[in-house]
Amino acid sequence: MKIGIPKERRAGEKRVAASPETVKKFVGLGCTVVIETGAGLAADIPDDQYTAMGAQIAADARATVGDADMVLKVQRPMTAAEGNDELALLKKGAVLVSALQPLQQREQVKAYAAAGISAYAMELMPRITRAQSMDILSSQSNLAGYKSVLDAAQHFGRAFPMMMTSAGTIAPARVFIMGVGVAGLQAIATAKRLGAVVSATDVRPATKEQVESLGGKFVWVDDEEARASQTSGGYAKEMSAEYKAKQAALIAETVKKQDIIITTALIPGRAAPVLVTEEMVKTMRPGSVIIDLAVESGGNCPLSKVDEVVNVNGVKVVGYSNYPSRVPVDASNLYAKNLWNFLSPHWDKDGKTFKFNLEDETVTGTCVVRDGQVVHPQLKEGN
């Protein structure tokens, strides 16, 4: 069983799909692990750390994955139209395990099928307790939330905590988090640790307790309709137009008082919702900072631009892409562990190969292509 780990070639990607720790574990199973030279350098993992754990180093991508039975990647393969046809390097029958953006890149999913490979999209991992250690969205979003606060602090021309000095008192920064998923919760925790006054909002009222447990203030219109807005399954109900208007007015009033806003709202397979309008930005004070973590999906602020810092009347709108890659060492290590935790239960000791249990939720949830066929329900024709 040969596992190939090529260098990531998409612009700005610093992560790698294997750590020395996971290489040691794969080698321990009996796998041959081949890593393209320099694949880990951007994550501070030189080749000799891999070889010390039993890996072999290949000179280029073709030598790494050309005869590999399984290929581990961080980002989906580049296409010929993007200047580097990585899919063409994989042999028929190979297994590709990576983040693949299958809902957005449906034509590429068809190309995997045409190439005769099997493909597993790790971002489709079911949100079940058993799969938490395999969930790349959680592990990477956690780091994105952390780094977003540090970036905000870098662009903010003032301190975060309150400081009392002989020359006067510095007021603490006011930070507003919009969207309380994994990234949002980590952003709240990080901003609190830096001494900011933190508030947050989310369409799910159940997140109120999570925000408050981290020391933040939950911003919402607290009325009878809101308190009954969650279904028995934990989802938010559709709210009345009157409630939406009251909530929009509250958010607009909150935004104008903030120094820093971090937006994190994403909808899988769809454009990100607008949370901070142009009119809201115009009400903010010069020197304020907006970090838009959804910029690659259209942005939560219409003024954000991918990989740019836009100055709008003194308000900096930051649109850095690929936030996990901005913390490449930890992001690579956690990502590599996610892949190991997903793959290792399917190792067949007798056959010395991976034999996927096709009734396992983690397999059916992530497998998009098998034996030349698109098999995932969300990707079949008509969906």
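Helices (H or I, at least four residues) and strands (E, at least two) are DSSP runs, numbered from the N terminus, and two strands pair if DSSP finds at least two bridges between them. The model here is predicted, so local features need pLDDT of at least 70 and side-chain atom pairs count only at pLDDT 80 or more, while totals for chains, interfaces and linings use all residues. Residues are numbered from 1 along each chain as its sequence is written, and side-chain values use heavy atoms, with hydrogens and water left out.

View 1. Reading across, the strand order is 3-2-1-4-5-6-18-19, and the pairing is mixed. Strand 3 (56–58) and strand 19 (373–374) are the edges, each pairing on one side only.

View 2. Strand 2 (residues 32–36) runs parallel to strand 3, and three bridges pair them. Look for Glu36, which sits opposite Ala58 of strand 3.

View 3. Strand 6 (residues 118–121) pairs with strand 18 (residues 367–370) in the antiparallel sense, over two bridges. Here Ala119 faces off with Val369 of strand 18, standing opposite it. Next along, strands 18 and 19 are also joined by two bridges and run antiparallel, with Arg370 opposite Gln373 of strand 19. These two strands make a hairpin with two residues between them, and Asp371 in the turn has a positive phi of about 50 degrees.

**View 4. A salt bridge between Asp69 and Lys91.** The closest N and O atoms of this pair are 2.9 Å apart; the rule asks for a side-chain nitrogen of Lys or Arg within 4 Å of a carboxyl oxygen of Asp or Glu. Asp69 belongs to the loop between helix 3 (61–65) and strand 4 (70–72), and Lys91, 22 residues away, to the loop between strand 4 and strand 5 (95–98). The structure holds 21 salt bridges.

View 5. The bounds, from an automatic or database domain assignment, are 2–124 + 349–379 for domain 1 and 145–326 for domain 2. Their centres, taken over C-alpha atoms, are 35 Å apart. Seven residues of domain 1 and five residues of domain 2 make the contact (heavy atoms within 4.5 Å). About 420 Å² is buried between the domains, 43% of it on carbon and sulfur atoms; buried area is the accessible area (1.4 Å probe) that two parts lose on being put together, summed over both. Arg15, Leu103 and Gln104 supply 67% of what domain 1 buries against domain 2. Across this interface the rule finds zero salt bridges.
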